[in-house]
There are 2 protein chains.
Amino acid sequence: MVRWEPDARGRLEKAAMELYVERGFDETTVAEIAKRAGLTERTFFRHFADKREVLFAGAALLQELLVGAVAAAAADRAPIDAAMDGLVAGGALIQERRAFARRRYEIIAANAELQERELIKLASLSAALADTLRQRGVADLAAGLAAEAAVAIFKISFERWVADPERLDLPQLMRGSLDELRAVTAGSDIEGSPSVTTS
Amino acid sequence: MVRWEPDARGRLEKAAMELYVERGFDETTVAEIAKRAGLTERTFFRHFADKREVLFAGAALLQELLVGAVAAAAADRAPIDAAMDGLVAGGALIQERRAFARRRYEIIAANAELQERELIKLASLSAALADTLRQRGVADLAAGLAAEAAVAIFKISFERWVADPERLDLPQLMRGSLDELRAVTAGSDIEGSPSVTTS
């Protein structure tokens, strides 16, 4: 006899995120999360494998969406442009969940073990992007570099956006970061652009 | 009464690396490392904090060398070129220790926890490079992207080099990767280069 709990997953997520901010991730127990959500521990474990998964379940979905957009890009899209299609799709999703994204960022920034987990997720995203580009016929080295460049753009744009997610537009920051990366990698090949040095 | 042990550190390192390859990192104990080196556990702990440090002590020195080269680059060097000066200096050092570098790579590739540690080291290298570039007057966004680009070049060039470290030249692979990254990030801004797609 499983009781129907309206939006149990959403209530558990909300309770968990509040507690992680208030008490810290390490100090919060699944029992406390369930209690605050007005549900049982058993219900918690029907939705999440552990308390870390509240923070990282979305990352797996994000990677799927992002990689799917790269795979679906028109065949004549250049590797970096296909990768950017994925980033922009991912950026739009993150932006829809801006309150969650910001809170999640703060919780992870406060905990070394969660930061390690986040680095692993980013490395896994880079590997998945590179594989997808190779399947599109992109040569090995170019695929690896385009994927790493995309993840760098993602990381740096996200860090800028999360400081002010109400005002800033994440996909737009991503496009601006690609322009800046182009200017930066051009380096001594072009005359120093005023955008790369402070006055 | 500390006995003088000629090249104790080198002998411990050699014994540890052999055992990590033969038995796996997790299965090797400090007692076994000391025994194979013909030294005591106490001597081991005078040289290394733990068995993981045998693999990662060099990474700290490498970061110092690399960041030092970036800080010492001529003031008019573009950010990416200053970062490349650091990479090339680091690449030359790794190349001098090619047998160690290759064995270390294999040991880390076989162990998830060590791979996480390596990701953390690379993230720390990126942060140190970005800080050094900022101190050179490079704007925040450009510094972050140049540092991420440099670490991506480092990572991808190293992975290519380690497959055949006797024949390949690491600094040269790094320079080639920067050229490829330039071509890749140019994307749809230039006509598709034959280097970025397979035939």
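Author: Let us start with one term. Buried means under 20% relative accessible area, exposed means over 50%, and partly exposed lies in between (1.4 Å probe, protein chains only). By that rule, 50% of the 199 residues in chain A are buried.

Reader: What kind of model is this, and how are its parts numbered?

Author: This is a predicted model, in which local features need pLDDT of at least 70 and side-chain atom pairs count only at pLDDT 80 or more, while totals for chains, interfaces and linings use all residues. Residues are numbered from 1 along each chain as its sequence is written, chains are lettered from A and ligands numbered from 1 in the order in which they are written, and side-chain values use heavy atoms, leaving out hydrogens and water.

Reader: What makes up the secondary structure of chain A?

Author: Chain A has 9 helices and 0 strands. These are DSSP runs, numbered from the N terminus: helices are H or I with at least four residues, strands are E with at least two. Read from the N terminus, the order is α-α-α-α-α-α-α-α-α. The C-alpha atoms of chain A fill a box of roughly 65 × 45 × 25 Å along the principal axes.

Reader: Why is the relation of chain B to chain A called a two-fold axis?

Author: Look at the turn. Chain B can be laid on chain A by a turn of 180° and a shift of 0.0 Å along the axis, with an RMSD of 0.0 Å. That is what a two-fold axis does. The copies are superposed by least squares on the C-alpha atoms of residues with pLDDT of at least 70 in both. The same surface serves both copies, as 100% of the contact residues of chain B recur in chain A.

Reader: How many residues does each chain bring to the contact?

Author: Contact means heavy atoms within 4.5 Å. The count is 39 residues from chain B and 39 residues from chain A.

Reader: What is the area buried between chain B and chain A?

Author: It is about 3,400 Å², and carbon and sulfur atoms give 68% of it. Buried area is the accessible area (1.4 Å probe) that two parts lose on being put together, summed over both. B:L141, B:L145 and B:T185 supply 18% of the area that chain B buries against chain A, more than any other three residues.

Reader: Why is the pair A:R160 and B:D140 called a salt bridge?

Author: The rule asks for a side-chain nitrogen of Lys or Arg within 4 Å of a carboxyl oxygen of Asp or Glu. Between A:R160 and B:D140, N to O is 3.0 Å, so the pair meets the rule. The count between chain B and chain A is 4 salt bridges.

Reader: Which helix of chain B gives the most residues to the side that touches chain A?

Author: It is α8(B), with 13 residues. By class, that side of chain B has 21 nonpolar, 9 polar and 9 charged residues. Ala, Val, Leu, Ile, Met, Phe, Trp, Tyr, Cys and Pro count as nonpolar; Asp, Glu, Lys and Arg count as charged; the others, Gly among them, count as polar.

Reader: What does the salt bridge of B:E18 and B:R36 tie together?

Author: N to O is 3.1 Å there. B:E18 lies in helix α1 (residues 8–23) of chain B and B:R36 in helix α2 (residues 30–37) of chain B, so the pair ties together parts 18 residues apart in sequence. B:R36 also meets B:E22 in a salt bridge, at 2.8 Å. B:R36 in helix α2 and B:E22 in helix α1 are 14 residues apart.

Reader: Is B:R36 buried, exposed or partly exposed, and how do you know?

Author: Its relative accessible area is 37%. That falls between 20% and 50%, so B:R36 is partly exposed.

Reader: What makes B:S157 buried?

Author: B:S157, in helix α8 of chain B, has a relative accessible area of 0%. That is under 20%, so B:S157 counts as buried.

Reader: Why is the pair B:S157 and B:S177 called a polar contact?

Author: The rule takes a pair of N or O atoms within 3.5 Å; within protein, one must be able to donate a hydrogen and the other to accept it, and residues adjacent in sequence count only if both atoms are side-chain atoms. The side chains of B:S157 and B:S177 are joined at 3.0 Å. Not counting residues up to four places away in sequence, B:S157 touches B:L170, B:L173, B:M174 and B:S177.
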